Amino acid sequence: MKKYFFFELAKSSDQNQLLRWRNEKKTRRSSFNTKIIKAKHHKLWFKKTLKKKNIWIFKSKKQKIGMVRLEKNKRKTEINYLISPRFRGKNLGQKMLVSFIKEAKSKTPLTIYAKSKLNNSSSYFTLLKSGFKIFQKKKNYYIFKFKNGK
């Protein structure tokens, strides 16, 4: 039996849904780049991201609720996430992040960073409630850090 909430690696069929979520008005306002994403740019980004296998869709039965993406480089791992406009305001961002981190940390020790614009109170509180701590405050945004040992 499947859990009520679960993650699936993103598939090419998720491309258009993610573009709609990413271009939704509030999402653009909350993003560091506030410009509308052109379909051709999204398509290239999504194809590259799918190859990395670092983007997951958070689901409930057949409902797509949100997306989590990990970007790793030599120095750090950064998490990016978004919730479908239909599911905002229901604490599902927190549930998604906590579930994702719980699953990931069972496999390896983690230090994950996240960013949130100063005026994005939803993301700010979601990250804090998900176990992240403020690591630095920059001019226009916070950097959060989640660290656990195994």
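The paragraphs below lead from the inside of this predicted model to its salt bridges. Residues are numbered from 1 along each chain as its sequence is written. Local features need pLDDT of at least 70 and side-chain atom pairs count only at pLDDT 80 or more, while totals for chains, interfaces and linings use all residues, and side-chain values use heavy atoms, with hydrogens and water left out.

Leaving aside residues up to four places away in sequence, Phe100 touches Phe7, Trp56, Val68, Leu70 and Ile79, where contact means heavy atoms within 4.5 Å.

Side chains of opposite charge can pair when their charged atoms come close. The structure holds seven salt bridges, each being a side-chain nitrogen of Lys or Arg within 4 Å of a carboxyl oxygen of Asp or Glu. In one of them, the side chains of Lys64 and Asp14 meet at 2.5 Å, N to O. Because Lys64 lies in strand β3 and Asp14 in the loop between β1 and α1, this pair ties together parts that are 50 residues apart in sequence; strands (E, at least two residues) and helices (H or I, at least four) are DSSP runs numbered from the N terminus. Asp14 counts as buried, at 3% relative accessibility, whereas Lys64, at 26%, counts as partly exposed.

Terms used. Buried < 20%, exposed > 50% of the residue type's maximum accessible area, 1.4 Å probe, protein only.
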